[in-house]
Amino acid sequence: MTKRTIWNRRNLMRTTAASCAAALGLTLSACSATADAETLLEEAQDGGTLRVAYADEEPFAYTDSDGNVVGQSVAMHTYLLGELGIEEDQIDWVQTEWDSLIPGLGSNHDMVIAGMYVNADRCEAALFADPDYVMPDTLLVPAGNPENLENINSFIDRDDLVVGVMNGTTEHANVEQDLELDDSQYDVHPNLSALVRELKAGRIDAVALTDINLRLEAEADDDLDTVEPFWPTDADGNDIIGAGAVVFPDGANNFRDAVNEILHETLEDRDLWLSLVGEYGFNEDNIPDPDITAENICGDSYQ
Amino acid sequence: MDSQRISDLLPLVWEGFVVILQLTFWAGIIALSLGLVIAITIRSAPKPVTVPLFWFTEFIRNTPLLVQALFVYIFVSRIELIEGFMTPFVTGAIVLGVHYACYCSEAYRAGIDGIPKGQWEAITAISLPKSRAWIDILIPQMMRRCTPALGNYMIAMFKEVPILFAIGVFEMIAQIQRYTGLSFAGHVEGYTLAGLLFLAISYPLAVSMRKLENRLARAHG
């Protein structure tokens with residue numbers, strides 16, 4: 001006769017305790033990976049593999065129809081890494097949910113290349129390099145812009161209109177906190193395709209998001225247009241500059257500083273910058289001014 | 001876990017949770033009452049009514065809630081007369097309610113089928129009016145048989161509300177995603193809070209359903 005496990009309360013608890021301990025062990029071993037952050041650059045320069053997370057978002061970092069990871073941030077940073085002696089074939093691309101890009105740093109991946117905007121809250125959670133592009137916002141509107149909208153502030157005085165924003169984006173925070181629009185003046189949806197659906201159904205009058213994403217959407221659809229790009233403003237009327245950068249795990253300061261150094265050289269050479277990222281719809285307006293650094297944007301939370 | 005994050009998140013999570021509770025309440029009323037109407041109609045109405053109704057419930061039960069919600073929401077945007085009334089919340093409550101009404105109707109059906117044949121014969125024998133037969137004889141007997149299944153459906157329905165963010169119902173999970181999307185922190189804290197809140201409602205609900213079953217069983221045993 002084979003021995004069968006009898007599931008009484010005691011051995012159930014014992015099994016549970018054992019699996020909890022195993023799970024905890026896994027979590028701890030995952031955490032210990034962060035301890036290697038200091039030697040990350042050295043190991044990569046010695047020919048080690050660098051695990052890089054991207055969110056599959058056009059035009060920043062996405063998988064093209066041939067299965068290659070391409071985009072503005074990818075072109076920019078494979079060039080910068082190459083200057084540091086880290087070849088493209090050393091990069092192991094890890095496609096990751098946008099939400100997990102920062103929490104997974106150090107365990108799931110060693111670096112994030114996703115064109116992620118730098119802001120004070122995010123700086124608290126990880127190390128941001130300096131921005132490699134800036135991008136204004138625009139509005140996606142029905143063809144011909146029937147309501148004559150100019151920018152996101154146009155909604156302040158138009159309580160008959162509704163603007164659509166994506167959940168958790170800068171624009172969402174902007175309409176809610178800075179512009180203090182009434183609940184009935186904005187709708188929140190989980191992604192761009194839901195927003196386009198709402199716009200076409202006539203339930204919202206415009207979508208507010210970053211310029212290039214909406215421009216790509218409008219170019220692909222005759223029923224949609226975009227307005228002139230603009231900078232959203234905060235409650236005091238100052239421009240909110242959308243600037244994207246790569247991200248490193250805590251402790252990888254030397255890696256981040258090395259990338260920054262070459263980045264600044266590259267930003268000064270406009271022709272080089274354009275030759276790297278021009279094909280993804282970026283132009284001279286997207287080159288950040290020298291004073292747009294992660295430290296200036298984040299202030300106290302910069303690490 | 002960071003206590004600052006938790007205190008930032010708590011009001012948002014709670015706000016979203018209240019939306020879930022309200023939506024569950026309205027959808028529950030629709031599911032329980034419409035389900036009973038469907039079950040009784042299929043049992044007693046003439047064929048031209050019951051056959052389409054049967055296929056309607058089959059269709060609803062065999063297609064995903066997410067697709068139904070999106071379909072209805074996009075569809076109503078084309079009918080100007082009801083568009084203003086059909087907010088994401090109202091659409092969500094109706095879609096969720098009708099979806100679970102079709103499941104509940106099956107639970108009711110099982111309850112009706114479980115009533116001993118002698119009861120039906122007795123009703124016919126004393127020529128009790130149909131309405132009185134249902135209200136006084138049949139429904140009390142079937143309720144005791146279908147309460148466990150109905151209770152499960154109510155709990156399942158409660159847990160499925162976050163799907164409705166797809167049509168813009170701004171509930172608890174959407175609130176957490178909003179916070180984590182803006183700050184890139186608070187994932188662990190947010191989803192732990194969400195899980196605990198769901199548990200805080202689901203578990204007592206499950207226990208009280210069990211108590212209700214026992215009481216019904218004693219009352220009609």
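Modeller: What follows is a conversation about this model, which is a predicted one.

Colleague: Let us begin with chain B. How many helices and strands does chain B have?

Modeller: Chain B has nine helices and zero strands. Along the sequence, its pattern reads α-α-α-α-α-α-α-α-α.

Colleague: What are the spans of its C-alpha trace along the principal axes?

Modeller: The C-alpha trace of chain B spans about 70 × 45 × 25 Å along those axes. Of the 221 residues in chain B, 44% count as buried. Among its contacts with a separation of 6 or more, 78% join residues 24 or more positions apart.

Colleague: How far does helix H1 of chain B reach?

Modeller: Helix H1 of chain B covers residues 3-44, which is 42 residues, and its first and last C-alpha atoms are 59 Å apart. That is close to the 62 Å expected at 1.5 Å a residue.

Colleague: Where does H1(B) bend?

Modeller: H1(B) bends by about 35° at Leu9(B). A proline, Pro11(B), follows within four residues.

Colleague: Thr24(B) is in that helix too. Is Thr24(B) buried or exposed?

Modeller: Thr24(B) counts as buried because its relative accessibility is 14%, and the cut-off for buried is under 20%.

Colleague: Which residues does Thr24(B) touch, not counting those up to four places away in sequence?

Modeller: Thr24(B) touches Met157(B), Phe158(B) and Val161(B). In general, an α-helix has 3.6 residues a turn, so residues three or four places apart point the same way.

Colleague: Let us move to Pro88(B). Where does Pro88(B) lie?

Modeller: Pro88(B) lies in helix H5 of chain B, residues 88-113. Its relative accessible area is 21%, so Pro88(B) is partly exposed. Leaving aside neighbours within four places in sequence, Pro88(B) is in contact with Tyr73(B), Ile167(B), Gly168(B) and Val169(B).

Colleague: How many residues apart in sequence are Pro88(B) and Leu216(B)?

Modeller: They are 128 residues apart in sequence. In space, the distance between Pro88(B) and Leu216(B) is 37 Å, C-alpha to C-alpha.

Colleague: Now for chain A. What does its secondary structure come to?

Modeller: Chain A has ten helices and 13 strands. Chain A holds 303 residues, and buried residues make up 49% of them. Of the contacts in chain A with a separation of 6 or more, 72% are between residues 24 or more positions apart.

Colleague: What is the phi of Asn148(A)?

Modeller: Phi of Asn148(A) is near 55°, a positive value in a residue other than glycine. Asn148(A) is in the loop between strand S8 (137-142) and strand S9 (163-166) of chain A. With a relative accessibility of 65%, Asn148(A) counts as exposed.

Colleague: And what is the phi of Ser127(B)?

Modeller: Ser127(B) has a phi near 40°, which is a positive value in a residue other than glycine. Ser127(B) belongs to the loop between helix H6 (117-125) and helix H7 (130-160) of chain B. Its relative accessible area is 60%, so Ser127(B) is exposed.

Colleague: Which element gives the most to the lining of the largest pocket?

Modeller: H8(B) gives the most, with four residues. By class, the lining of the largest pocket has 15 nonpolar, twelve polar and nine charged residues.

Colleague: What about the largest cavity: how much space lies in it?

Modeller: About 30 Å³ of space lies in the largest cavity. The residues that line the largest cavity include Tyr117(A), Met135(A), Asp137(A) and Thr170(A). By class, that lining has four nonpolar, two polar and two charged residues.

Notes:
Residues are numbered from 1 along each chain as its sequence is written. Chains are lettered from A and ligands numbered from 1 in the order in which they are written. This is a predicted model: local features need pLDDT of at least 70, side-chain atom pairs count only at pLDDT 80 or more; totals for chains, interfaces and linings use all residues. Side-chain values use heavy atoms; hydrogens and water are left out. Helices (H or I, at least four residues) and strands (E, at least two) are DSSP runs, numbered from the N terminus. Ala, Val, Leu, Ile, Met, Phe, Trp, Tyr, Cys and Pro count as nonpolar, Asp, Glu, Lys and Arg as charged, and the others, Gly among them, as polar. The expected span of a helix is 1.5 Å times one less than its number of residues. The bend at a residue is the angle between axes fitted to the seven residues ending there and the seven starting there. Buried means under 20% relative accessible area, exposed over 50%, partly exposed in between (1.4 Å probe, protein chains only). Contact means heavy atoms within 4.5 Å. On a 1 Å grid over the protein atoms alone, a cavity is a set of points where a 1.4 Å probe fits but cannot get out, and a pocket is an open set with protein on both sides within 12 Å along at least five of seven lines; lining residues have an atom within 4 Å of a point. Grid points are joined across faces, edges and corners, and a volume is the space filled by probe spheres set on the points.
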